[in-house]
Amino acid sequence: MYYPRSWTKSILRLFTYLALIVLVGVYLENVTLVLLIASVTLIVFNYLHLYRLTKWLWQSRKMSPPSAPGLWEHVYEGVYYLQRRNRNKRRNLGELVKRFREGSEALPDAVVVVDKEAKIVWCNRHARIEIGLKWPDDSGRRIDNLIRHPKFIEYFHSGEYHFPIEIPAPTNPSKTFEYRIMTYGEDQLLLIVRDVSRVSQLEEMRKDFVANVSHELRTPLTVINGYLEVLTADSNDENPFVQKAMNEMGTQTKRMQALIEDLLILSRIEASAERIYENTINMTALLKQVETEAKTLNIDKQHNISFKVDDELRIFGVETEMRSACSNLIFNAIHYTPAGGNIKVLWKKRAGGAYFAVVDNGDGIEEKHLRRLTERFYRVDKARSRKTGGSGLGLSIVKHVLNHHNSFLNIESKVGKGSEFSFILPPELIYENSLDS
Ligand code: ADP
């Protein structure tokens, strides 16, 4: 334990020493000479201990300090105490680093620590096995020189690490790896790589399954519907039950057909490899077509629908997908707004890109549903949705289309006031912009 030494004690000691010297000087009748000799002795004594201290600090292997009298003993003890404290701290820190590394080695994922200059600081065993890093040879080498996939390089340099990316494994292209980067400390990056081959295989299987089942169901349903239409037209059965049954069968078959069509659209968009920058869309013409269809749908509802469209605003994208997204949003507004409502459709350029919005003054949607609306088959009111003939896939289709076009759906709604469904396509997708640049 460290005990601060009392300064009064040290000063008292010095004064006693000086008083004794003066007494000796008086006794020998030459105070000046005695004082001089005493001062030189004091300086030599202190220099000697300074020398011993330096030697102990820099040359000696002994941990314990040499013994010394008076103030010097205290100095030695102070230095010894500080050294011991530092040594304990270093040992604790070393233990911590060791435990962290052991923990990281035990992780089922590959972990790489990268500094602000993209140089590898450390990696665990899985990083060596899965990404093929060599340790310690690759220490200090740039990570973007070792993982060369263009998608990874783009992700790494983007500085936007909110979402992970999935790319084939560098050591085995049949495997899919998820790369996730996290920033921490002073510009340090933590790269976590996880094998998601099984998950992406299952996801592929799910997509294929839905696409195949929908496709297989389409033909028999078309046949059933065809026969039902013929039978209903030719039927001169007076029995009201038979009439009702025929009509109900017709309605339900059509619902199933609509559902199958939506499932197929969704599967197509999910599997779409079409490049969005290859074709342009004439949004004015597209929205005109949707407007005509909307008018037919609106016959019963008699809404006041207005279209405010910027005719100059053309975009890059996939036309069939964009038509699905816009029509779903507009038809939903017609379906879910009580008769005689107001619906506004906007398409214009605005800060941040090309803005599309459908605003209605319908019943609105409770806050708790908003987050889940784009999930497949999620409906606020199942019975009502079925009555409108909805498949529950409309907003899910919109979400996928927008995702494919580097955008997302924004939903604002207030119960009793109405809803606004909107999205902004990024400026790079605006056709004029790309011509100007
Ligand atoms: P559906 O085929 O049932 O319409 P969607 O995915 O298109 O499925 O919509 C999901 C749910 O979101 C609907 O069931 C409906 O409850 C709600 N919804 C969508 N658009 C609106 C709107 N404009 N106003 C109120 N509710 C809406």
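Here is a walk through this structure, from its helices to its sheets and on to a few single residues.

The model is a predicted one, so local features are held to a pLDDT of at least 70 and side-chain atom pairs to a pLDDT of 80 or more, while totals for chains, interfaces and linings use all residues. Residues are numbered from 1 along each chain as its sequence is written, and side-chain values use heavy atoms, with hydrogens and water left out. Helices (H or I, at least four residues) and strands (E, at least two) are DSSP runs, numbered from the N terminus.

Let us start with a pair of helices. Helix 2 (residues 31–58) packs against helix 3 (residues 70–106) at an angle of about 15°, and their axes lie 11 Å apart. Axes here are lines fitted to C-alpha atoms, for helices over the stretch in contact, and angles run from 0 to 180 degrees between N-to-C directions. That angle makes helix 2 roughly parallel to helix 3; angles under 35 degrees count as roughly parallel, over 145 as roughly antiparallel, 65 to 115 as roughly perpendicular and the rest as oblique. The crossing of helix 2 and helix 3 is right-handed, a term used when the near helix is turned clockwise from the far one by less than a right angle, with anticlockwise giving left-handed. Helix 2 brings F45, N46, H49, L50, R52, L53, W56 and L57 to the contact, and helix 3 brings W72, V75, Y76, V79, Y80 and Q83. Contact means heavy atoms within 4.5 Å. By type, the residues of this contact of helix 2 with helix 3 are 10 nonpolar, 3 polar and 1 charged. In this grouping Ala, Val, Leu, Ile, Met, Phe, Trp, Tyr, Cys and Pro count as nonpolar, Asp, Glu, Lys and Arg as charged, and the others, Gly among them, as polar.

Now to the sheets. Strands of a sheet pair through backbone hydrogen bonds, either parallel or antiparallel. Two strands are taken to pair if DSSP finds at least two bridges between them.

Strand 1 (residues 110–114) pairs with strand 5 (residues 188–195) in the antiparallel sense over 5 bridges. Along this pairing, A110 stands opposite V193 and V112 stands opposite L191. Strand 1 is also joined to strand 2 by 3 bridges, again running antiparallel, and here the bridge partner of V112 is C123. Strands 1 and 2 form a hairpin with 5 residues between them, and A118 in the turn has a positive phi of about 70°. How many residues of strand 1 are buried? The count is 5 of the 5, so strand 1 is largely enclosed by the rest of the structure. Buried means under 20% relative accessible area, exposed over 50%, and partly exposed in between (1.4 Å probe, protein chains only). Both faces are covered, with A110, V112 and V114 buried on one side and V111 and V113 on the other.

A further open sheet of 5 strands has the order 7-9-10-12-11, with mixed pairing. Its edges are strand 7 (304–309) and strand 11 (410–414), each with a single partner strand, so one side of each is left without a neighbour in the sheet. The twist averages 10° from one strand to the next. Strand 7 runs parallel to strand 9 (residues 342–350), joined by 6 bridges, and S306 has K344 of strand 9 as its bridge partner. Helix 9 (residues 283–297) packs on the sheet, touching strand 7, strand 9 and strand 10 (353–360), and its direction makes about 170° with that of strand 7.

Finally, some single residues. S267 sits in helix 8 (residues 240–271) and counts as buried at 10% relative accessibility. Leaving aside neighbours within four places in sequence, S267 is in contact with V210 and A211. F408 lies in the loop between helix 13 (394–404) and strand 11, and is exposed, with a relative accessible area of 60%. With the neighbours within four places in sequence left aside, F408 is in contact with L402, S422 and F423.
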